Amino acid sequence: MRYKSAFFFGTPPFKLLASRLVCDEDFLADMQLVVGLTEDRFLHLTGALEKLDAFISRDVLDATVSKVLAGESDAGKLAAAIYRISEVLHDADMPTQDAMRILSEAITGEEKPFNSEERRTLVERLRRLAVVPNGLGRQFKAQKLAVATGAELDQANIICDIRPIFDSSRHRVEGALPVVILRLDYTTSGGESEVLEVRMSEKQIARLEETVATAKRKVAVVKELLKSQSIPVPSTEATR
C-alpha cells in the first residue's frame, strides 16, 4: 500500500510529494525501521540486494530480507518499507537519482523526528537500499510496461439468466429462454472504472472457450521460449 501523501489528484511535481512524505506518519514509521538497523545487518542486506541481478519483485525482496534478518519480527515490515519508498522514487517524473537527491534534501531539512546524525544515516541507507539495487529498477520498469498500453481488465464474469416469455395478456408464462451475458469490469488508461456488458450465444461461448485455451497455450510457449534463452520473466500484474 502506498503512503497517504502519495495520493494526489493528477501527478504533482516530485518536490511537492517529497515535502509531504517527510511529514507522513506511515513514511516516518518506515524510516524508523531503516534507521534502526544495526550497521552489520544493513551492510549484509545491501550486499544481498546488490547481488540480485534479476527482477526484485516484492516476493523476492521479502525472501531476501527475511533471510538476512532471520528471527527478527520486523523483517516483513522492513521489506515493505524498502519496496514502498523504492516504488515512489522510481515512479517519479525524473531520473531516480534526481528524485533521491530531492528526497534527501527534504529529509535533511526536516528537524523531527530524527537528529542530524540519524538524517545523514537515513539518506545514505535509503539510497543503498531503494535506489542502488538494479533489480528494483528493472522490476518497476517492468510493472510500468505491463500497464502502459490500453485498458486493464479488473474482473470478468459470465452471467446466466432466464427470460420468461409471457402471453399477450402478460398473465401466463408461455416459455422461457436462457440468456448469457459477458460482463467486463476494467480500468481505462486514464484511471477511470468502466463496465462493458455483451450478450453471448452458445456458439460464441464455445468459441470463447477455444480462444482462451489457445491463448493459454501461446503464453506457455512464449514463456518456455524465454526460459530456453535464459531471459527472465518478471512477476507483474500481466504475468502472475
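Q: What covers the buried residues of α1?
A: The cover includes α2 (25-35), α5 (75-90) and α6 (96-108), with contact meaning heavy atoms within 4.5 Å. This is a predicted model, where local features need pLDDT of at least 70 and side-chain atom pairs pLDDT 80 or more, while totals for chains, interfaces and linings use all residues. Residues are numbered from 1 along each chain as its sequence is written, and side-chain values use heavy atoms, leaving out hydrogens and water.

Q: Which residues of helix α1 are buried?
A: In α1 (residues 14-21) they are Phe14, Leu17, Ala18 and Leu21; buried means under 20% relative accessible area, exposed over 50%, partly exposed in between (1.4 Å probe, protein chains only).

Q: What puts these residues on the same side of α1?
A: They cover an arc of only 100° around the axis, so they share one side of α1. The arc is taken from the directions from helix axis to C-beta atoms.

Q: Why are α6 and α7 called roughly antiparallel?
A: α6 and helix α7 (residues 116-131) pack at about 160°. Angles under 35 degrees count as roughly parallel, over 145 as roughly antiparallel, 65 to 115 as roughly perpendicular and the rest as oblique, so α6 and α7 are roughly antiparallel. Their axes lie 10 Å apart, and the contact includes Met100 and Leu103 of α6 and Leu122 and Leu126 of α7.

Q: How do you know that β2 and β3 pair?
A: Pairing needs at least two bridges found by DSSP, and β2 (residues 173-187) and β3 have eight, in the antiparallel sense. One of the bridges joins Ile181 to Arg199 in β3.

Definitions and conventions
Helix = DSSP H or I, 4+ residues; strand = E, 2+ residues; numbered from the N terminus. Axes fitted to C-alpha atoms, helices over the stretch in contact; angles between N-to-C directions.
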